[in-house]
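Subject: Structure for you to look at

Hello,

Here is the structure I promised to pass on. Please open it beside this email and follow along.

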Amino acid sequence: MRVLVTGHDGYIGSVMVPLLEQAGHDVVGLDSYLYEGCTLGTEETPGGSLRLDIRAAEQRHFEGFDCVIHLAAISNDPLGDYRPETTYDINHHAAVRVAKLAKAAGVPRFLFSSSCSLYGAAGDDFLDETADWNPVTPYGRSKLLAEHDLALLADDDFSPVYLRSSTAYGVSRRLRGDLVVNNLAGLAFTTGRVLIMSDGTPWRPLVHIEDISRAFLAALEAPRELVHDEAFNVGRTEENYRVREVADIVAAVIPGSEVAYAEDGGPDKRCYRVNCDKLAETLPAFDPQWTVRRGVEELYEAFLREGLGEEEFASSRYLRIKRVKELQEAGALDESLRWVARPALELPA
């Protein structure tokens, strides 16, 4: 199939695109390249891609594709809280706009990167796709609103699918250090402290970015009747952990590290466990490979290979909100996160 992936240069897209290509699909990317240069390892020169903000996309950009995979988003809670109106603009309004343009261009399938964050404050019970939504962040609410409006576009010619990913982790050339597994592993490696910022009790469903990519591939290749206008929790039901359990795994894997709690750490309202059985039962081609422990081992090996240091890990290279503020202070981005100019910013060595 010919597939357009928005946000292909991001944390997940950098892993997903090669996987789709290995499966024989013709992939074109569309990205604003907000995090260009924020690289773990060697920076790659993008091949067939469109350097474009999704808010500036036109119908012609979507013509000739069999599917659009929509990853592009403001995808972290601190950044969402910093500019909530921009989060809704990009994650909700622009996502629906992209879907409408794709539909008008004759694209039959639209895979939307949603999130289990829309379940929000949910307690200890396992939640399947029929559970109530209770998001507690602009990011989670934006995904809820987008799903609602995308469903209104579903018809015989346009098939949206909502892939609600668990909290992601894993190595990518666009590594994010602001995700719980990556963050705890990075702190353990660079400081020796597996620092928990809450009381450690909240539940999190966790999934490796390769397994997220495998879920999208399975949904891309599935018969229409199995996925049309359907939501899927992405992950494995057995891969739900309390944050303190993740910290214990990190301390066990990374030599010389120990668990510590922030002095002002308290309860975190974001607490949810999800049931992911529907995805595996509906799409048997989905074959997840990762566990949190194996993911921490992968991160440790990558940090060793790159010689990651404490100052670098805490820099704008790996923390999205620092990168955005740095670009704004340099006059490169405006308040709505649109490019004004692209200066050659000095990134951490």
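Ala-146 lies in helix H4, residues 138–151. Helices here are DSSP runs of H or I with at least four residues, strands are runs of E with at least two, and both are numbered from the N terminus. Ala-146 is buried, with a relative accessible area of 0%. Buried means under 20% relative accessible area, exposed means over 50%, and partly exposed is in between (1.4 Å probe, protein chains only). Ala-146 is in contact with Asn-91, His-92, Val-96 and Phe-112, leaving aside its neighbours within four places in sequence. Contact means heavy atoms within 4.5 Å. Tyr-88 is 58 residues from Ala-146 along the chain, and their C-alpha atoms are separated by 9.1 Å.

A word on the source. This is a predicted model, in which local features need pLDDT of at least 70 and side-chain atom pairs count only at pLDDT 80 or more, while totals for chains, interfaces and linings use all residues. Residues are numbered from 1 along each chain as its sequence is written, and side-chain values use heavy atoms, with hydrogens and water left out.

**Helix H5**

Now find helix H5, residues 180–191. H5 has 12 residues and reaches 16 Å from its first C-alpha to its last. That is close to the 16 Å expected at 1.5 Å a residue; the expected span is 1.5 Å times one less than the number of residues.

How many of the 12 residues of H5 are buried? Nine are, so H5 is largely enclosed by the rest of the structure. They are Val-180, Val-181, Asn-182, Leu-184, Ala-185, Gly-186, Leu-187, Ala-188 and Thr-190. What covers them includes strands S8 (167–169), S9 (193–198) and S10 (203–208). Helices H8 (243–253), H10 (292–306) and H11 (310–313) are also among the cover. After H5 comes Gly-192, with a positive phi near 85 degrees.

**H5 against H8**

H5 and H8 pack at an angle of about 40 degrees, with their axes 10 Å apart. Axes are lines fitted to C-alpha atoms, for helices over the stretch in contact, and angles run from 0 to 180 degrees between N-to-C directions. That angle makes H5 oblique to H8. Angles under 35 degrees count as roughly parallel, over 145 as roughly antiparallel, 65 to 115 as roughly perpendicular, and the rest as oblique.

The crossing of H5 and H8 is right-handed. That is the name if the near helix is turned clockwise from the far one by less than a right angle; anticlockwise is left-handed.

H5 brings Val-180, Val-181, Leu-184, Ala-185 and Ala-188 to the contact. H8 brings Val-243, Val-246, Ala-247 and Val-250. The residues of this contact divide into nine nonpolar, no polar and no charged. Ala, Val, Leu, Ile, Met, Phe, Trp, Tyr, Cys and Pro count as nonpolar, Asp, Glu, Lys and Arg as charged, and the others, Gly among them, as polar.

**H8 against H10**

The axes of H8 and H10 come within 10 Å and cross at roughly 45 degrees. The two helices are therefore oblique to each other. Their crossing is right-handed. From H8 come Ile-249, Val-250, Ala-252 and Val-253; from H10 come Val-292, Arg-293, Val-296, Glu-297 and Tyr-300. Seven of the contact residues are nonpolar, none is polar and two are charged.

Look at Val-253 in H8. Val-253 has 13% relative accessibility and counts as buried. Val-253 touches Arg-293, Val-296, Glu-297 and Tyr-300, not counting residues up to four places away in sequence.

**H1 against H6**

Helix H1 (residues 13–22) and helix H6 (residues 209–221) have axes that come within 9 Å and cross at roughly 45 degrees. H1 and H6 are therefore oblique, and their crossing is right-handed. Val-15, Met-16, Leu-19 and Leu-20 of H1 take part in the contact. Among the H6 residues in it are Ile-209, Glu-210 and Arg-214. The contact holds eight nonpolar, one polar and two charged residues.

**Two positive phi values**

Most residues other than glycine have a negative phi. Tyr-33 has a positive phi, near 60 degrees. Tyr-33 sits in the loop between strand S2 (26–31) and strand S3 (49–51), and is buried at 2%. Leu-337 has a positive phi of about 65 degrees. Leu-337 is in the segment after helix H12 (320–329), and is buried at 5%.

Best wishes
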